[in-house]
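Let me put the structure up, and then we'll talk about aromatic rings.

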Amino acid sequence: MPLFVYVLSLAVFAQGTSEFMLSGLVPGIARDMSVSVGAAAGLTSAYAVGMIVGAPAMAVLSARWPRRRALAGFLAAFVVVHVVGAVTTSFPVLFGTRIVAAIVNAGFLAVAMSAATALAGPARQARATAVMLSGVTLSCVAGVPAGALLGDRFGWRSAFWAVAALCLPALALVFRSAPAAAARRRDVSIRKEAREVGSRPVRLAMILAALVNGATFATFAYLAVIATEVTHLPGGAVPGLLAAFGVGAFVGVTAAGRIGDGQLRRGLVLAVCALSAGWAVLAATSAHTAPLFVVTILQGGLSFGIGSMLVNRVMVVASRAPSLGGSFATVALNAGAFLGPLLAGIATETTHDYRHAAWVSAALAAAAVVIVAARTRAAVAAPR
């Protein structure tokens, strides 16, 4: 695997930490900015929307830029907006920095995914995708708990400073180690690529990725509340539970990079079935500590392993759209990350039972099962 792919993963780790760390910083931001907890929590939704809108827009804007310039530019902008966020005393300005950070994060991720898979070559494309996404899983294991710890001890602004500092080595390495081959083609046809990513196979792959990621984050967003309100664990146990999910996710992504090839096979159908069943088991057994931890680890592995395979699937079926393929994979992931917690919020507000977040996850994964099974049967039945 080219060294530069690991450099990109380091940057993705820093950006993933920024995206997810807000869950532990909301109370401090609300107090410091004199806003409601709901308003502070809206920073998370703003980030997800920025990622969804920003990915295709930034991919189009940077389509003809040299990849080194695009990656360095997006990463430098990410550092700047975190510095602004760390020093501002205005909540609207902070809100704006989260949107801008999400947009440049989306741009970086779209270019990075295309660059990584191009450098790795077709035979190692799944491995490259897994290495990139391992940065996200490691941010769940280490970055998010560290951000929460910094916020608790030194205030939420320290977490923003830490993310900016964490990006600097990655920025330096992008300048230094980006290969000469990582340059954008000058003959890119955005119109042709747009037709390609609008094709039925790409749309289907994006829907599957969004459903699985929606299932993941519907429950992940409520894991802390399930632990304290349903399982009745002390608040100090929550970081351990989140880290357990992250460990499972890292193992799942690593395994997917070695066995996934971007094809819809029976094994993937079985894995998605297990994913749906696992969320149902979590909902049914979350009142007990041991099952909660065990199932959380397993679901972290399944969720991110299957998610990695489906992201690779988007890249495979969009291979004739090298400039836009990565951006639409990013859109699929973040559409799920936005819609899953939204649906879980509606369910839990209606029933006043936080376990229903896991039932929402089970339903979303079951919808993915139906689609994957139908496509697999169609592929088997197709004449060779």
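I'll go through a couple of ring pairs and then a cluster.

Quick reminder before we start: this is a predicted model. So, how many aromatic pairs does a search of the whole structure find? The search comes back with 7 aromatic pairs. Let's take one of them, tryptophan 156 with phenylalanine 160. Their rings sit 5.3 Å centre to centre, with 80° between the planes, and that makes the pair edge-to-face.

Where are these two along the chain? Both belong to helix 7, which covers residues 156-177. They're about one helical turn from each other, because they are 4 residues apart in that helix. And are they buried or exposed? Tryptophan 156 has 5% relative accessibility, so it counts as buried. Phenylalanine 160 comes out at 1%, so that one is buried too.

Okay, next pair: phenylalanine 217 and phenylalanine 304. Why is this pair called edge-to-face? Because the planes are at 70°, and anything over 60 goes in that class. The ring centres are 6.5 Å apart.

Last thing, and then I'll stop. Which residues do ring pairs link into a cluster? That would be Phe217, Phe220, Phe245 and Phe304.

Methods
Residues are numbered from 1 along each chain as its sequence is written. This is a predicted model: local features need pLDDT of at least 70, side-chain atom pairs count only at pLDDT 80 or more; totals for chains, interfaces and linings use all residues. Side-chain values use heavy atoms; hydrogens and water are left out. Rings of Phe, Tyr and Trp (its six-membered ring) pair if their centres lie within 6.5 Å; planes under 30 degrees apart count as stacked, over 60 as edge-to-face and the rest as tilted. Helices (H or I, at least four residues) and strands (E, at least two) are DSSP runs, numbered from the N terminus. Buried means under 20% relative accessible area, exposed over 50%, partly exposed in between (1.4 Å probe, protein chains only).
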